[in-house]
Amino acid sequence: MESWRTAKGMFAAVATVPTLWLIGFFIVPLGIVWLYSFGTNASLTEIEISGTFSNYSRALDPLYLGILWKSILVAAATTVICIVVGFPVALAIVFSSNKWKPWLLLAIMLPFWTNLLIRTYALIAVLRREGYANQSLGWLHDNLGGLLPLVGLPAPGAYEPLELLYNNFAVIFGLVYVHLPFMVLPLYAALDRLDKSLIEASLDLGAGHFRTLLAIVAPLAAPGIISGVIITFVPALGAYLTPDLLGGPDSQMIANVIERQFKRANDWPFGAALSFILMYATFIAIAFQAMKSRQAEARQ
Amino acid sequence: MTMLARLLRKREPIAPLEYTRRLWMRTWVGLVMFFLYAPLITLVAFSFNDSRRNIVWRGFTLEYYEKALNNASLMEALLNSLTIAALATVASVVLGALAAVMLWRFRFPFKGAAEGAMALPIVVPEICLGVAFLVFFAKIGFPTDLPWPLNLGAITIAHITFCFPFVAMVVRSRLTSFNREEEEAAKDLGATELQAFRDVLLPHMKPGLVAGALLAFTLSLDDFVITFFTSGPNTITFPVKVYSMVRFSVTPEVNAASTLLIVLTIILTTIALKIQSRMGTVSQRH
Amino acid sequence: MTEQQPIISIRNVSKRFGPVTAVDNVSIDIMPGEFFVLLGPSGCGKTTLLRMIAGFEMPTEGQILIDGQDMAKVPPNRRPVNMVFQSYAVFPHMTVEQNVGYGLKIARVGSDEIKSRVAEALELVKLDGFGARRPDQLSGGQRQRVALARSLVMRPKVLLLDEPLSALDAKLRAQMQFELADLQDEVGITFVTVTHDQDEALSMAGRIAVINKGEVAQLAPPSDLYEFPANRFVADFVGSVNLFEGKLTLDEPDRAAVECEGLGKVYLNHGVTGSHQSNVWVAIRPEKIYLHVPGDGKAFRAAQEDAPEGYNFARGKIRGMSYLGDITLFDIQLESGAMLRVSRPNLSRRDQEDFTWDDKVSMHWRADSPVVLLS
């Protein structure tokens, strides 16, 4: 690495355009939102930057605080489910034969390349009242239900479709569906780097597979697990499309509230404050990750 | 006979680390794959279903593809999306490559801050970026009545902003494997700064640039949230159009449109992977 | 001596990976308290054999018994053996103490006992005082001692060592060879070691099984292996050797002769038992050939005259010399054109000055020096 002073011309040539772009089209727009978060609606189109904190204090209103807290819970639940579901998959890929490994990786990545909207739409078709999930359950119900009297149980009534869509279940289901690849890939990367003889040594010293997983694999793969957690948690926290399309009236997340302030309620200053609260929450999560993975690396 | 012998031969016992051979593990992976793919496969399958209600299979038809392809506003949205993605990709690759070289090569004041700022568009929630662009373009009074394709300017700018840091990240990680002595050797053999860059550094960056371009194109093509806040009534993109259709109903027409986009992404990904693997082998050779 | 039961009994074990046969119908019995070495070139299947004893690979065919018990359904964590891995596999996130105590903790040994046994094990491998260190603060040799202590503390019936010295530098390796042998003597545990290094095997082992292409080429104590190799592979792999193909022309109980291509007639003072084939190979170790100082024709003739019947003589020209300090290696071209490798100890400081390239030299070896090989 060289100092910018030794090659000023070269440095200017590479640095100018990206820096100006980032300032002009990223820092400035965010800066305006930040200023608006301290403003009040002066008229229908005018916003006066009055330096008020009222937007933030309004965000502390139990209604909005509740939604923020709920968003955090939903994102956390999504993350936990993704770890539980994704960990065995990552493990299976790590220990699969060379012939299978690239195909399994591709199979995990391919949905990631597919449009988020389309994947969410596909879930609607599966989960709705007359969707495939309910149809399959209904078929099972009708066919296996007939067997129940044979074992002495009363025959069940007609199949009542489950409400799988437009509720919290659907939102978490959708978020897991969308974010699972984000979890599997960092887990895979972390487990793949692990020296396999460490696992063998643990087994050799008398530990079972589960004990080995907890005592050896998890601590050593910690940086990967943490980055998988953050890479899942952060976008899930700010998710807009999934709760919007799959959620019901009571499963709105923070991003939906922000959208409403800008597009419908037309309360930009309040929306600005909310979006900065969301951003701060994101930064806290990322700072937490940086701290934890530094600790994990220091321990090794 | 050999078949029988093979069947009769005892299956070799599973060694402790052969996790992939364990039944519960295979079942688990199978279920996860089913979870990931069943919705998409049914979506594609039912785009050929000869029934409006889209529940029971009634027979094969291409009717809904015809409908989707004849839907002028849908096709216009698709054209808009592809145009934006192409423009955003070119600009992002240039900006991303410059940023990557800047961060990889130079020491300069406030470098930590610059690195942080460069990573921000990746981590900031989409919704926040979306509203920031909404506010920004309203504030500067970005003209909304420009002729095509200039009217796509606002969306393109937004897309470049969230795409180029990804390109920079990919290219920079590629650059870390660059041996600075190669560049010094070129200069030692008489190349100027610019010639050394063109003949040595750029070829090394190429796989990173291709990967970055692929990433930028897909991110741009897929983006809904940020576009949703920057698009106007005349600048509908494909995801925004599909969104408005999806909100109302599940119809085979939407399935057909979605299938078209899935196929497009798969083709692009395959091409990019092919190019990338070829570049990868070329760069390994030298 | 009382009849002893083998601690490890490998019975007709084969291991195939797809089309590749890594271990081919191997049967070995290892006795309690032995220092047993599996020696062979890389890829010969020795590590696979060791990993099958530890339970990390499953035999395709055959049986492995440890202390009389069939291990087919016993997972590695239930086997009374412990392994020292080639990479040592010291857990990087645990201190030395935690590493060594890991197995005991899993076995639910009381914490006081863990403490004393860990201290004892660390003392045994000369790491007392290192308990609180982390693996990244240790040298390669020290990490290996941690791995050793971690396994020994479990008091296994058998300790398995996979290329234990390959990652150490030459000096340390030589030192560890002795230490490992001493340690084994001290703890009395059966050691089974895998190595590709013949010096390592010869210096440490009680018995060595030389493995070639998945099969046992010879199983014998080190000196037998070196002095009485069973076949060309062992003769060539263990030490260096001059090999000549020849025809058996005389085979009586107390003497034999082989007419070798390029070397002429080679006399032996023993019969070649059990051979009905006329095509055999003669192996002569370089250090068993005595090289006469050139120009000292009188001494040579005297030697030739004084020599008991059956001494072997040859003449040639020095084509190559490499001075190695303790010995000098000579490549000598015989009159027939064949090449012979001879080593000569430098008994006095100026010994090597007696020879130079293209010198005509003569040499002899005793009739009990060559080995006749049938395969």
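Select helix 4 and helix 9 of chain B, where helix 4 passes helix 9 in a right-handed crossing (helices being DSSP runs of H or I of at least four residues, numbered from the N terminus; a crossing is right-handed if the near helix is turned clockwise from the far one by less than a right angle). This is a predicted model, in which local features need pLDDT of at least 70 and side-chain atom pairs count only at pLDDT 80 or more, while totals for chains, interfaces and linings use all residues. Residues are numbered from 1 along each chain as its sequence is written, chains are lettered from A in the order in which they are written, and side-chain values use heavy atoms, with hydrogens and water left out.

Helix 4 covers residues 72–105 of chain B and helix 9 covers residues 193–222 of chain B; their axes come within 8 Å and cross at roughly 135° (axes are lines fitted to C-alpha atoms over the stretch in contact, with angles from 0 to 180 degrees between N-to-C directions). That angle makes helix 4 of chain B oblique to helix 9 of chain B, a class left over once angles under 35 degrees, over 145 and from 65 to 115 are set aside as roughly parallel, antiparallel and perpendicular. The residues of this contact divide into 17 nonpolar, four polar and two charged.

Next, select chain A together with chain B: 84 residues of chain B are in contact with 82 residues of chain A, contact meaning heavy atoms within 4.5 Å. The two chains bury about 7700 Å² between them, 79% of it on carbon and sulfur atoms (accessible area lost on being put together, with a 1.4 Å probe, summed over both). On the chain B side, L17(B), F35(B) and F106(B) lose the most area to chain A, together 9% of what that side buries.

Three salt bridges are counted between chain B and chain A (a side-chain nitrogen of Lys or Arg within 4 Å of a carboxyl oxygen of Asp or Glu). To see a salt bridge, select R105(B) and E2(A), whose side chains meet at 2.7 Å, N to O.

Now turn to chain C, where nine residues are in contact with five residues of chain B. The area buried between chain B and chain C is about 480 Å², of which carbon and sulfur atoms give 63%.

Terms used
Helices (H or I, at least four residues) and strands (E, at least two) are DSSP runs, numbered from the N terminus. Ala, Val, Leu, Ile, Met, Phe, Trp, Tyr, Cys and Pro count as nonpolar, Asp, Glu, Lys and Arg as charged, and the others, Gly among them, as polar.
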